[in-house]
Amino acid sequence: MKIIVAIDSFKGSLTSLEAGRAAEIGIKNADENICVKVYPLADGGEGTCRTLTDGLSGEIKTVEVIGPLGEKISAEYGKIGDLAVMEMASAAGLALVPENLRNPLNTTTFGVGEMILRAVQDGCKNFIIGIGGSATNDCGLGMLTALGFDFGSGIFGRDLAYVKKIDAEKVPAEIRSCKFRIACDVKNPLTGENGCSAVYAPQKGADSETVKIMDGWIKNFAELSAPEKIPVAGDGAAGGLGFAFRIFLNGELVPGVNLILDTLKISEDLRDADVLITGEGKIDEQTLQGKAPAGVAKLAKSLNSKIKVVAIGGGVKKFIGGTEIDAAFSILREPMNLTAAMRKSTALENISATVEQIIRLMI
């Protein structure tokens, strides 16, 4: 029997690999002769950088960059050979801005560009960048300026009002030769009633008047930047960062879990596996809406119709029969409160014990 383990992190409790290794222990307790392969799993959101970097035996790099409010902060990215794995939120995330200071007029993606430059200087040519959790609505103005583009303006959201030109003369040749793949699950267009300003800017501190003004600025920026390009779903991701990557850096917007699975090269092992064990902290409706466990389950079934897919979670809220996931199990073995359940030692033990029982039914 061959079993593939690809479990997303149990947020606040276990990393993806910690959960996967615990499941491996349970499988081996059931039958030490079973072939087990453990893969990290993420969907491009929070934790993707460390998950991929650890899973692919890379190293975490820490760099000093300009934060979303213009102050110096420490950000990190992962380096695996010539591949850099980043989360824009490390340099320009909403969590970096105190609630009383949240205002997309006053935030910038400049640090994201600085992080990219540092990775290029470090020998990286390929990039995987998750763009969730942004504090910004600057359409990538700050990031692009850091990379050498000259718009004749500043670097903050409010400076979109002053963009008059686009000069790429000082953009390093190394940047132009890089390949950018952007983990993007947001389908919003750049502007309009479903655009980044209208839908997401209020979450970042914008009032109704700011939303209206910024939508107009971004529309003008897009018309100046790419008057002949056809808009695509996802341009509005991260306050227009999706658009910036696509238009200025020839970036490819890819559903997060698809991008991660492709990078991990998990497909070949799924083709001849008997069982896939996946999961996350909570199995619910959102699990089925493109999150990592559903993504790897869908890939597994598309490659191998005979594979059994089992999901585990701290809680299982919704029955998922009829999907690519064949069965789902809660790892909790006795009543306990959330704090106790999330304790690392408890979660590890519960995963191992639950997976062992699942496998004993299969052998």
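This is a predicted model: local features need pLDDT of at least 70, side-chain atom pairs count only at pLDDT 80 or more; totals for chains, interfaces and linings use all residues.
Me: How many residues are in the largest nonpolar core?
Reply: The largest nonpolar core has 51 residues. A nonpolar core here is a set of buried Ala, Val, Leu, Ile, Met, Phe, Trp, Tyr and Cys residues joined through side-chain atoms within 4.5 Å. Buried means under 20% relative accessible area, exposed over 50%, and partly exposed in between, with a 1.4 Å probe and protein chains only. I116, F127, I131, M143, F245 and L249 have the most contacts inside this core.

Me: Which helix gives the largest share of that core?
Reply: Helix α9, residues 237-248, with 8 residues. Helices (H or I, at least four residues) and strands (E, at least two) are DSSP runs, numbered from the N terminus.

Me: What does F127 touch?
Reply: Leaving out residues up to four places away in sequence, F127 touches L83, A84, M86, I116, A119, V120, C178, K179, F180 and R181. Contact means heavy atoms within 4.5 Å.

Me: Back to α9. Is it buried or exposed?
Reply: 12 of the 12 residues of α9 are buried, so the helix is largely enclosed by the rest of the structure. One of them is G242, with a relative accessible area of 0%.

Me: What touches G242?
Reply: I131, G234, D235, A237 and L253, not counting residues up to four places away in sequence. The C-alpha atoms of G242 and E252 are separated by 8.9 Å, and these residues are 10 apart along the chain.

Me: Now the sheet. What is the strand order?
Reply: It is an open sheet of 6 strands, β3-β4-β5-β6-β7-β8, with mixed pairing. Two strands pair if DSSP finds at least two bridges between them.

Me: Which strands stand at the edges?
Reply: β3 (59-66) and β8 (252-254), each with a single partner strand, so one side of each is left without a neighbour in the sheet.

Me: How do β4 and β5 run?
Reply: Strands β4 (residues 72-80) and β5 (residues 83-87) run antiparallel, joined by 3 bridges. I80 stands opposite L83 in β5.

Technical notes. Residues are numbered from 1 along each chain as its sequence is written. Side-chain values use heavy atoms; hydrogens and water are left out.
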